[in-house]
Amino acid sequence: MANATQTQTEVYLFEQVIVLFSCALSFLGSSLIILTYIIWSDLRTTPRKLLVYLSVSDWLSAVSYAFGVWSVFRTNSAECVAQGAISTFANTSSFFWTVAIAVYLYVFIVRANQRVADSLVLVFHLVSWGIPLAITIAAVSLNKIGYDASEVSVGWCWVRINVQDRVLWMLLTGKIWEFLAYLTLPFLYILIKRHIHIAHAALSEYRPILANRPPAHSFSSMADVKLTLIPIIFIVLRIWSTVRFILLLADSNVRQNPALVTLHGIGNTLQGAANCVMFVLFTQPIRTRLCAALSSCSQCRAEAQRPHRLLPEQDATAQREEDTTERGRADR
């Protein structure tokens, strides 16, 4: 790894444009998740609240990464250190909140214990904000954050490339949590999917599937697709950063390949947009309301008036509240 301190990965203009566009999508996606939570109070379920906290982290990541990619720092300037500190905190916090959502769904769905799941929210806050903040403060105080020659970044600042223990700090400020998320997310979501499939199979033995139940099946299918996509999308987006980190350890110049650098930039900055697609655009109650709010077409208005079942990422309490509201409207 001796050459790692003497080389610099060139960030080309087309890479900057692509990554900045990815940052913009993530900024808009995270903002939309937060706004829909604020606007529609009946959708403020605990899982969606956790998603909002994740979106705050992704929003900060998108803004700080965009500033870094736009600037393409060349020195350990105050702006470089500030940007590196914010992105380190936000990126690490995003890992923790992503896993926290999976843990919550596991306890709520598989363990069938909403009280315990809700009690974990305070722990999630302490861990998902506290640990990243402590690590970031320590890294900045010890002068570990700064110019990294884009060796494991795309223009933004992270761990200084010339510090002797840079690998340790790269692990502490992101990579070790990234590796743990690779293992934890698939494991938990596989357990959740398995539990749901077993429950559906057991229910079908006593309740034959009726001809008039296709909507329920479609909701179940969408939930199943989401549970499959969440860990896959996370890994697909983050793996390029991991690959470049491993190549740095191996002192391979392949880490400077423009295609790999571009994929790294997109993967690190697109998480907010991906979450928006899955949990806003692919969630029918929210998609319908957005459609009704943004369009005056009669089809959107008619769809908005029909009752919707909330998907499994929303808790049972909100489901009962919406059902009660719909029954009250029907009685009137």
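**View 1. Isoleucine 135 within helix H4 of a predicted model.** Isoleucine 135 has its place in helix H4, residues 114–141, where helices (H or I, at least four residues) and strands (E, at least two) are DSSP runs numbered from the N terminus. Because its relative accessibility is 13%, isoleucine 135 counts as buried, a word that means under 20% relative accessible area, while exposed means over 50% and partly exposed lies in between (1.4 Å probe, protein chains only). Leaving aside residues up to four places away in sequence, isoleucine 135 touches Trp169, Leu172, Thr173 and Trp177, a contact being heavy atoms within 4.5 Å. From C-alpha to C-alpha, isoleucine 135 and threonine 88 are 8.8 Å apart in space, and 47 residues apart in sequence. The model is predicted, so that local features need pLDDT of at least 70 and side-chain atom pairs count only at pLDDT 80 or more, whereas totals for chains, interfaces and linings use all residues. Residues are numbered from 1 along each chain as its sequence is written, and side-chain values use heavy atoms, with hydrogens and water left out.

**View 2. A nonpolar surface patch with residues from helices H1 and H2.** Phe27, Leu28, Trp59 and Val63 make a nonpolar surface patch of about 340 Å², to which helix H1 (13–39) and helix H2 (46–71) each supply at least two residues. Patches are made of residues with over 30% relative accessible area and no salt bridge, like charges being joined within 9 Å and nonpolar side chains (Val, Leu, Ile, Met, Phe, Trp, Tyr) within 5 Å; a salt bridge is a side-chain nitrogen of Lys or Arg within 4 Å of a carboxyl oxygen of Asp or Glu. Accessible areas come from the Shrake-Rupley method with a 1.4 Å probe, and for residues only the protein chains shown count as cover. Leucine 28 lies in helix H1 and counts as exposed because its relative accessibility is 56%.

**View 3. Helix H2 and the residue that follows.** At 1.5 Å a residue, the 26 residues of H2 should span 38 Å, which agrees with the 38 Å between its end C-alpha atoms; the expected span is 1.5 Å times one less than the number of residues. Valine 72 follows H2 and has a positive phi, near 45°.

View 4. The mean pLDDT of the chain is 84, and 80% of its residues reach 70 or more, pLDDT being the predictor's confidence in each residue, from 0 to 100. Over residues 309–330 the pLDDT is below 50, and this stretch has 43 contacts in the model beyond near neighbours in sequence.
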